[in-house]
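Let us walk through this structure step by step. Keep the sequence beside you as you read.

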Amino acid sequence: MMILEKYEKKRNFSATPEPEANVEQKGENRFVVQEHNASRLHYDFRLEMPAEPNSKEIVLKSWAVPKGMPEKIGTKKLALEVEDHPVSYIDFAGVIPEGNYGAGTVKIWDQGTFELFKRDAKVVEFILNGTKLQGRYSLVKTHYGSRGNSWLITKNSPKAVS
Ligand code: MN
């Protein structure tokens, strides 16, 4: 599968204001949380990083967080992995018109940078330096559900050691 192919196939770029599926070669370790008021309100959490741990193509690895990001230490929320998004999506806010994938309103809820500590197929650990979200977080893949895309995002103690 080509990088960002899933993203591209779900969208018609003459009908949605979302950015086209361009892959970048450089990243700045940024993150975004977008409040997405679609058929169901959810929050999209995206980390700017290589599509695979050792690849050179930079994308936004993306998770839909139905109940919002954890803000208190020790809390965790379900995070459903979704298709990689292009880096330029990090600044996207606007209205996705009816009839398009993800139709509804997208607002930037938080933005910033992150420091990565660990990344493999089942664990991503990082510190977020955002306006609302700050501190140590982990994403851990779970066995919940049948689609293989369930993770838990946890706000960890600042002293947590990986
Ligand atoms: Mn979404």
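His85 is found in strand β4, which covers residues 76–85. The model is a predicted one, and every value here is computed from it. Is His85 buried or exposed? Its relative accessible area is 3%. Buried means under 20%, so His85 counts as buried.

Now look at the partners of His85. Its side chain reaches the backbone oxygen of Glu83 at 2.8 Å. The side chain of His85 also makes a polar contact with the side chain of Arg11, at 3.4 Å.

Next comes the metal. Which residues coordinate the manganese ion? They are His36 through ND1, His42 through NE2 and Asp44 through OD, at 2.2 to 2.3 Å. Along the chain, these donors follow the spacing H-x5-H-x1-D. Both His42 and Asp44 are buried.

Turn to the nonpolar residues. The largest nonpolar core has 20 residues. Phe45, Leu47, Phe126, Leu128 and Leu139 have the most contacts inside it. Several strands give two or more residues to this core, including β1 (30–37), β6 (104–119) and β9 (150–155). Strand β2 gives the most, with 4 residues.

Take Leu128 as one example from this core. Beyond four places in sequence, Leu128 touches Phe45 and Leu47, and also Phe31, Thr113, Phe114, Leu133, Gln134, Gly135 and Tyr137. There is also a second, separate core of 12 residues. Among them are Val32, Ile90, Phe92 and Val106.

Technical notes: Residues are numbered from 1 along each chain as its sequence is written. This is a predicted model: local features need pLDDT of at least 70, side-chain atom pairs count only at pLDDT 80 or more; totals for chains, interfaces and linings use all residues. Side-chain values use heavy atoms; hydrogens and water are left out. Donors are N, O and S atoms within 2.8 Å of the metal (3.2 Å for Na, K and Ca); water is not among the atoms, so sites may look incomplete. Buried means under 20% relative accessible area, exposed over 50%, partly exposed in between (1.4 Å probe, protein chains only). A nonpolar core is a set of buried Ala, Val, Leu, Ile, Met, Phe, Trp, Tyr and Cys residues joined through side-chain atoms within 4.5 Å. Contact means heavy atoms within 4.5 Å. A polar contact is a pair of N or O atoms within 3.5 Å; within protein, one must be able to donate a hydrogen and the other to accept it, and residues adjacent in sequence count only if both atoms are side-chain atoms.
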